[in-house]
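Please look over the sequence and the three-dimensional structure that follow. The briefing below then works through them by topic.

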Amino acid sequence: ALDIYGCLAAKRGTEDLDVEELASDEFISLVDGMTCLDASFTILDMMRSGNQTSLLMQSPKPNSQGYCLVASALSGFGTSASQADRALTLFRDAMSQGGVTPDGRFLNAILRCFGDDIEAALAAWKTDIGPAAASQQRNGNINLQQAYNGLMHVCGRALRPDIATRIAYAMNKAGVEPTEVSLNCYKSGKRVTTEAETGDSKKGLGLTNQYENLLSVECTKYNTRKWDKSKRRAGDKKIRIIL
């Protein structure tokens, strides 16, 4: 993020000065001693305020990618404790700023900030994130699918395959087919929680109960029988059996 900002600032400088080097020095003094998360928010606040300095001239406005990077830092790339309130504030700040598109990567990163707080994530989906994702469907379902996959990760963190299965049903209803990526997002979230509890990366990676098995059926495009690996034809119906 610092390199990108430095390059942007350098382009605004005069050719007779090594502005990129000066910008890097100024950044070092600005964020020296900070954690990565604190540094991310410091830089974001400076970019949002548009403050001018002698070296960097006018700060460039943050875009969707910039907010996505800050959300990723806030979530610990999907491994941190719940940051629900801070994530929702970050999302709303981004949406209140003109020119920021709620693309799938940004929404996915915001949802991962909720950690294992699936109830808060679902509440935010209903009021803010879901409508934002749906507004991008004119560009295809990829943004909506990536956002749903963020919810799947939170379900895994919360060890709630029942809610993940309901989300898979909701995806189908919205015209977004859950895929192996959706299943892997659930499993990666589950891995974070089980490793933290057991300290063993080999624990908790399998799908062990009826809801997880059902989720696998909903998300996979392949027959799960070992002797039949043929791809399911488009439009084939899936049979749901709940014991």
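**Aromatic pairs and a charged neighbour**

Tyr67 and Phe106 are both buried, where buried means under 20% relative accessible area, exposed means over 50%, and partly exposed is in between, with a 1.4 Å probe and protein chains only. This is a predicted model, in which local features need pLDDT of at least 70 and side-chain atom pairs count only at pLDDT 80 or more, while totals for chains, interfaces and linings use all residues. Residues are numbered from 1 along each chain as its sequence is written, and side-chain values use heavy atoms, with hydrogens and water left out.

- The structure holds 3 aromatic pairs; rings of Phe, Tyr and Trp (its six-membered ring) pair if their centres lie within 6.5 Å, and planes under 30 degrees apart count as stacked, over 60 as edge-to-face and the rest as tilted.
- The ring centres of Tyr67 and Phe106 are 6.1 Å apart and the ring planes stand at 50°, so this pair is tilted.
- The pair links distant parts of the chain, with Tyr67 in helix 4 (residues 64–75) and Phe106 in helix 6 (residues 104–112), 39 residues apart.
- Another tilted aromatic pair is formed by Trp125 and Tyr148, at 4.7 Å centre to centre and 40° between the planes.
- Because Trp125 lies in helix 7 and Tyr148 in helix 8, their pair ties together parts that are 23 residues apart in sequence.
- Trp125 and Tyr148 are both buried.
- Tyr67, Phe91 and Phe106 are linked into a cluster by ring pairs.
- Over the ring of Phe41 sits the charged end of Arg86, 4.2 Å from the ring centre; the criterion is that NZ of Lys or CZ of Arg is within 6 Å of the ring centre and within 35 degrees of the ring normal.

- Helix 9 (residues 161–173) has 13 residues, which at 1.5 Å a residue should span 18 Å, and its end C-alpha atoms are 18 Å apart, which agrees; the expected span is 1.5 Å times one less than the number of residues.
- The buried residues of helix 9 are Pro161, Ile163, Ala164, Thr165, Ile167, Ala168 and Met171.
- The cover over these buried residues includes helix 7 (118–134), helix 8 (142–158), helix 10 (180–198) and helix 11 (210–219).
- After helix 9 comes Gly175, which has a positive phi, near 85°.
- Gln145, placed in helix 8, counts as buried because its relative accessibility is 18%.
- Apart from neighbours within four places in sequence, Gln145 is in contact (heavy atoms within 4.5 Å) with Met171, Val176, Glu177 and Thr179.

**Overall fold and surface**

- The protein has 11 helices and 2 strands; helices (H or I, at least four residues) and strands (E, at least two) are DSSP runs, numbered from the N terminus.
- Along the sequence, the pattern of the protein reads α-α-α-β-β-α-α-α-α-α-α-α-α.
- Of the 243 residues in the protein, 43% are buried.
- Of the contacts between residues at least 6 apart in sequence, 63% join residues at least 24 apart.
- The protein exposes about 13100 Å², of which carbon and sulfur atoms supply 53%; the area comes from the Shrake-Rupley method with a 1.4 Å probe.

**Confidence in the model**

- The mean pLDDT, the predictor's confidence in each residue from 0 to 100, is 79 for the protein, and 71% of its residues reach 70 or more.
- Residues 1–17 have pLDDT below 50, and this stretch has 25 contacts in the model beyond near neighbours in sequence.
- Residues 223–235 stay under 50 in pLDDT, with 13 contacts in the model beyond four places in sequence.
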